[in-house]
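Thanks for coming. I have one structure to go through today, and I will keep to the fold and the surface.

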Amino acid sequence: MGKSFFESIQNAHLEDSGFHYTLSLINGKYKMVVLYTLSTFGVVRFNELKRFIGTISYKTLSATLKELEADKLIIRTEYPQIPPKVEYKLSEKGKSLIPILNNMCEWGEEHKS
């Protein structure tokens, strides 16, 4: 690990990596919980998500869902009726993250004390 190793780290830019991109998508207290919930239950309405997660505020859940939708990880479907009905489900891009979340769960089960 001589000088060339140090120079390569100095010139490396984490923000350009796939690792950084993935973290930017799932970073946040509730994003992975929402994704995992949708992977488990399929199509879920806002209040069902709120009840399932429990500790999340309406404002935080709304912001989290908007971010996930903007990143194209979930699909939001709004039905024009009274009262309004909105459903959320994973997009194909969101579904592709589930094996990673499953691996994280398995790792956690193996290493928790």
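**Fold and surface of the model**

Helix H3, residues 31-41, lies across S1, S2 and S3, and runs at about 95° to S3. Keep in mind that this is a predicted model.

Now the overall layout. The protein has seven helices and three strands. Starting at the N terminus, the order of elements is α-α-α-β-α-α-β-β-α-α.

The three strands make an open sheet, ordered S1-S3-S2, with antiparallel pairing. Strand S1 (44-45) and strand S2 (74-79) are at the edges with a single partner strand each, so one side of each has no neighbour in the sheet. In general, strands of a sheet pair through backbone hydrogen bonds. Between S2 and S3, residues 85-90, there are six bridges in the antiparallel sense.

What about the surface? The protein exposes about 8200 Å², and 58% of that comes from carbon and sulfur atoms. There is a nonpolar surface patch made of Leu 14, Phe 19 and Leu 23, with about 310 Å² of accessible area together. Phe 19 sits in helix H2, residues 18-26. Is Phe 19 buried or exposed? Phe 19 counts as exposed, because its relative accessibility is 55% and the cut-off for exposed is over 50%.

Two figures for the whole protein to finish. Of its 113 residues, 26% are buried. Among contacts with a separation of 6 or more, 48% are between residues 24 or more positions apart.

Key:
Residues are numbered from 1 along each chain as its sequence is written. This is a predicted model: local features need pLDDT of at least 70, side-chain atom pairs count only at pLDDT 80 or more; totals for chains, interfaces and linings use all residues. Side-chain values use heavy atoms; hydrogens and water are left out. Two strands pair if DSSP finds at least two bridges between them. Helices (H or I, at least four residues) and strands (E, at least two) are DSSP runs, numbered from the N terminus. Contact means heavy atoms within 4.5 Å. Axes are lines fitted to C-alpha atoms, for helices over the stretch in contact, and angles run from 0 to 180 degrees between N-to-C directions. Patches are made of residues with over 30% relative accessible area and no salt bridge: like charges are joined within 9 Å, nonpolar side chains (Val, Leu, Ile, Met, Phe, Trp, Tyr) within 5 Å. Accessible areas come from the Shrake-Rupley method with a 1.4 Å probe; for residues, only the protein chains shown count as cover. A salt bridge is a side-chain nitrogen of Lys or Arg within 4 Å of a carboxyl oxygen of Asp or Glu. Buried means under 20% relative accessible area, exposed over 50%, partly exposed in between (1.4 Å probe, protein chains only).
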